[in-house]
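Subject: The structure I promised, with some notes

Hi there,

Here is the structure we talked about, for you to open alongside this message. Have a look at it first, and then read on for what turned up.

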Amino acid sequence: MEHIAKTIKRTIFAVALIAGIAACTKDDDIEDIFVDRAWTLTYIQEGGSRKYTEGKRYSMLFADGAFTATTPSGNTIIGEWQANGDTRSFTCYNVRANGNISKDTIAQKMYNILTNAKKYEGDTNWLRIKQQENVYMLLGTAPID
């Protein structure tokens with residue numbers, strides 16, 4: 001009887017250990033999160049303040065290695081991106097605006113965050129692209145038009 005109790009305890013310990021290791025080593029599926037998924041900007045966080053889109057639609061679409069952010073006026077911010085699902089690092093490069101975003105403060109903030117992005121958080125429903133811990137843009141999923 002004592003032998004069976006020890007075997008059960010060891011089995012439970014082994015299962016818990018394997019489950020713990022599996023949870024710690026799980027990488028994000030970058031392609032599933034980013035590629036061919038349409039996103040809508042919810043707000044931009046800068047320190048203690050949030051800038052909401054006020055009913056205007058700012059959208060983002062990530063393709064394989066490239067992205068396009070579209071403003072309500074039809075201007076775009078485009079560039080290339082890469083992410084690491086293990087470290088959740090996120091980098092954009094060759095970021096440029098097509099059209100005039102100088103009078104659109106939200107587009108300017110998006111441009112700045114994308115240009116200086118360091119990390120991401122999220123999944124297939126929501127996504128934070130972070131310049132730093134308290135400077136980021138929050139995106140939610142959106143239907144593809």
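Below are my notes, going from the whole chain to single residues. Please keep in mind that this is a predicted model.

**The chain as a whole**

The chain has 145 residues, and 34% of them count as buried. Its secondary structure consists of three helices and nine strands, which run along the sequence as α-α-β-β-β-β-β-β-α-β-β-β. If we take the contacts with a separation of 6 or more, 49% of them are between residues 24 or more positions apart. The accessible surface is about 8800 Å², and carbon and sulfur atoms make up 54% of that.

**The core and helix α3**

The largest nonpolar core holds 30 residues, and the members that touch the most others are M60, F62, M110 and I129. Which element gives this core its largest share? That is α3, with five residues.

Helix α3 spans residues 105-115, and its buried residues are I106, A107, M110, I113 and L114. Viewed down the axis of α3, these buried residues fall within an arc of 125 degrees, so they line one face of the helix.

Beyond its neighbours within four places in sequence, M110 is in contact with L41, I44, Y58, M60, A69, I77 and M137. One of these partners, M60, is also among the core members that touch the most others. At the start of the helix, a side-chain oxygen of D104 comes to within 3.2 Å of the backbone nitrogen of I106.

D28 sits in the loop between α1 (2-24) and α2 (30-34). Is this aspartate buried or exposed? With a relative accessible area of 16%, D28 falls under the 20% cut-off and so counts as buried. Leaving out neighbours within four places in sequence, D28 is in contact with I33, G85, R88, Y120 and G122.

With one of those partners, R88, D28 forms a salt bridge, at 3.0 Å from N to O. The pair links distant parts of the chain, as R88 is in the loop between β5 (76-84) and β6 (89-98), 60 residues apart from D28.

**Other salt bridges**

In total, the structure holds six salt bridges. As background, side chains of opposite charge can pair when their charged atoms come close.

- R37 pairs with D32, with the closest N and O atoms 3.6 Å apart. Both ends are partly exposed: R37 has a relative accessibility of 22%, and D32 has a relative accessible area of 39%.
- K130 pairs with E133 at 3.0 Å, N to O. K130 is buried, at 5% relative accessibility, whereas E133 is exposed, at 62%. Salt bridges with shared partners join E121, R128, K130 and E133 into one network.

**Two backbone angles to look at**

Most residues other than glycine have a negative phi. Which way do D36 and E54 go? Phi of D36 is near 55 degrees, a positive value, and E54 also has a positive phi, of about 50 degrees. D36 is in the loop between α2 and β1 (37-46), while E54 lies in the loop between β2 (49-52) and β3 (59-62). Both side chains belong to residues that count as exposed: D36 has a relative accessible area of 55%, and E54 is at 64%.

**Where to start**

Best wishes

How values were computed:
Residues are numbered from 1 along each chain as its sequence is written. This is a predicted model: local features need pLDDT of at least 70, side-chain atom pairs count only at pLDDT 80 or more; totals for chains, interfaces and linings use all residues. Side-chain values use heavy atoms; hydrogens and water are left out. Buried means under 20% relative accessible area, exposed over 50%, partly exposed in between (1.4 Å probe, protein chains only). Helices (H or I, at least four residues) and strands (E, at least two) are DSSP runs, numbered from the N terminus. The arc is that of the directions from the helix axis to the C-beta atoms. A polar contact is a pair of N or O atoms within 3.5 Å; within protein, one must be able to donate a hydrogen and the other to accept it, and residues adjacent in sequence count only if both atoms are side-chain atoms. Contact means heavy atoms within 4.5 Å. Accessible areas come from the Shrake-Rupley method with a 1.4 Å probe; for residues, only the protein chains shown count as cover. A nonpolar core is a set of buried Ala, Val, Leu, Ile, Met, Phe, Trp, Tyr and Cys residues joined through side-chain atoms within 4.5 Å. A salt bridge is a side-chain nitrogen of Lys or Arg within 4 Å of a carboxyl oxygen of Asp or Glu.
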